[in-house]
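This report describes a single protein chain for a reader who works with coordinates. The sequence and structure are shown first.

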Amino acid sequence: MTHTPHELHEEFPEYAEKIHELKTANTHFHKLAEEYHRLNRDIHRAETDVEPTTDDHLEEMKKARLKLKDDIFGMLNA
């Protein structure tokens, strides 16, 4: 297991400019990106034992992050 943060610009480097544009122009995209960032930070803090959590809770957070990532990717491809 890696403890590397999964920032959006690292996950989708080819969409860096579009991510920035959508974050400023699209309220829904901005909300999804903010939620992804919050959840990603929480996962990273749990994985590095800054804020330990149960394995089940960590798995739930990872599934939610993946769902957000899929939604964001869909908007980037639209």
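## Basis of the model

The model is predicted, so local features need pLDDT of at least 70 and side-chain atom pairs count only at pLDDT 80 or more, while totals for chains, interfaces and linings use all residues. Residues are numbered from 1 along each chain as its sequence is written, and side-chain values use heavy atoms, with hydrogens and water left out.

## Overall fold

The protein chain contains four helices and zero strands, and its elements run α-α-α-α from the N terminus. Helices (H or I, at least four residues) and strands (E, at least two) are DSSP runs, numbered from the N terminus. Along the principal axes, the C-alpha atoms fill a box of roughly 35 × 20 × 15 Å.

Of the 78 residues in the protein chain, 27% are buried; buried means under 20% relative accessible area, exposed over 50%, and partly exposed in between, with a 1.4 Å probe and protein chains only. Contact means heavy atoms within 4.5 Å. Among contacts between residues at least 6 apart in sequence, 70% join residues at least 24 apart.

## Helix α3

Helix α3 covers residues 27-47, and its 21 residues should span 30 Å at 1.5 Å a residue, which agrees with the 30 Å between its end C-alpha atoms. The expected span is 1.5 Å times one less than the number of residues. At the start of α3, a side-chain oxygen of N26 reaches to within 3.0 Å of the backbone nitrogen of H28.

The buried residues of α3 are F29, L32, A33, Y36, L39, N40, D42, I43, A46 and E47. These buried residues pack against α1 (8-11), α2 (16-25) and α4 (55-77). In general, an α-helix has 3.6 residues a turn, so residues three or four places apart point the same way.

The axes of α2 and α3 come within 6 Å and cross at roughly 115°. Axes are lines fitted to C-alpha atoms, for helices over the stretch in contact, and angles run from 0 to 180 degrees between N-to-C directions. The helices α2 and α3 are therefore roughly perpendicular to each other; angles under 35 degrees count as roughly parallel, over 145 as roughly antiparallel, 65 to 115 as roughly perpendicular and the rest as oblique. The contact is made by I19, L22, K23 and A25 of α2 and by T27, F29, H30 and A33 of α3.

The axes of α3 and α4 come within 9 Å and cross at roughly 150°. That angle makes α3 roughly antiparallel to α4. Residues of α3 including F29, Y36, N40 and I43 meet a set in α4 that includes L58, R65, L68 and I72.

## Selected residues

F12 is found in the loop between α1 and α2 and is buried, with a relative accessible area of 6%. Leaving aside neighbours within four places in sequence, F12 is in contact with I19, K69, I72, F73 and L76. F12 and L76 are 64 residues apart in sequence and 9.3 Å apart in space, C-alpha to C-alpha.

N40 lies in helix α3 and is buried, with a relative accessible area of 1%. Not counting residues up to four places away in sequence, N40 touches P5, H6, E7 and R65.

D49 follows α3 and is placed in the loop between α3 and α4. Phi of D49 is near 60°, a positive value in a residue other than glycine. At 56% relative accessibility, D49 counts as exposed.

Conventions
A polar contact is a pair of N or O atoms within 3.5 Å; within protein, one must be able to donate a hydrogen and the other to accept it, and residues adjacent in sequence count only if both atoms are side-chain atoms.
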